[in-house]
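User: I would like to go through the labels attached to this structure and see what each one rests on. Please set every value against its cut-off.

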Amino acid sequence: MARVGSLTRLNKSYYDNNEFTDDSDFHYISAYAPEGVICLMSAVGHYNLSAVRPDVVDVAIPGKKKIATLPDLPILNLYYFEGARFELSVD
């Protein structure tokens, strides 16, 4: 499917369906930061607590996890939190 243009390879494990359109950039988080959690103003937008839609996706990352590649778009802002602080951000 990637050869015929139906899918775009995001990384070793994830592909993007070119035939499906979605207004949300949040589904990219699982591909680029699988242990990441939507945070800050992105979380406010994700849970429909505001009409404001941020230009970037804010992602909380546990500890010192390495993120090998990031997409050009959407822009992901990574914030690193240690132990209890990361767990608190999940709650």
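This is a predicted model: local features need pLDDT of at least 70, side-chain atom pairs count only at pLDDT 80 or more; totals for chains, interfaces and linings use all residues.

User: What makes up the secondary structure of the protein chain, and how are helices and strands assigned?

Analyst: Helices (H or I, at least four residues) and strands (E, at least two) are DSSP runs, numbered from the N terminus. On that basis the protein chain has 3 helices and 5 strands, in the order β-β-α-β-α-β-β-α from the N terminus on. The C-alpha atoms fill a box of roughly 45 × 30 × 20 Å along the principal axes.

User: Why is Phe86 called buried?

Analyst: Buried means under 20% relative accessible area, exposed means over 50%, and partly exposed is in between (1.4 Å probe, protein chains only). Phe86 has 8% relative accessibility, so it counts as buried. Its place is helix 3, residues 83–90.

User: Which residues does Phe86 touch, leaving out those up to four places away in sequence?

Analyst: With contact taken as heavy atoms within 4.5 Å, Phe86 touches Glu35, Val37, Ala60, Ile61, Pro62 and Phe81.

User: Is Ser6 buried or exposed?

Analyst: Ser6 is at 11% relative accessibility and therefore counts as buried. Ser6 sits in the segment before strand 1 (7–9). Apart from neighbours within four places in sequence, Ser6 is in contact with Met1, Asp16, Asn17, Asn18 and Glu19. Over the whole protein chain, buried residues are 29% of the 91 residues.

User: What makes Lys65 and Glu35 a salt bridge?

Analyst: A salt bridge is a side-chain nitrogen of Lys or Arg within 4 Å of a carboxyl oxygen of Asp or Glu. The N to O distance between the side chains of Lys65 and Glu35 is 3.3 Å, and they meet in a salt bridge. Lys65 is in the loop between strand 4 and strand 5 (75–81), and Glu35 is in the loop between helix 1 (29–32) and strand 3 (37–38), so the pair ties together parts that are 30 residues apart in sequence. Lys65 has a relative accessible area of 37% and is therefore partly exposed; Glu35, at 44%, is partly exposed as well.

User: How many salt bridges does the structure hold?

Analyst: The structure holds 2 salt bridges. One of them joins the side chains of Glu82 and Lys64 at 3.7 Å, N to O. That pair links distant parts of the chain, with Glu82 in the loop between strand 5 and helix 3 and Lys64 in the loop between strand 4 and strand 5, 18 residues apart. Glu82 is at 47% relative accessibility and so counts as partly exposed, whereas Lys64, at 66%, counts as exposed.

User: Where is Asn48, and why is Asn48 called exposed?

Analyst: Asn48 is in the loop between helix 2 and strand 4 (56–62). Asn48 has a relative accessible area of 67%, so it is exposed. Asn48 also has a positive phi of about 55° although it is not a glycine. Leu40, in helix 2, has a phi near 55°, a positive value in a residue other than glycine.

User: Why does Tyr47 count as exposed?

Analyst: Tyr47 is at 57% relative accessibility, and therefore counts as exposed. Tyr47 lies in the loop between helix 2 and strand 4.

Methods
Residues are numbered from 1 along each chain as its sequence is written. Side-chain values use heavy atoms; hydrogens and water are left out.
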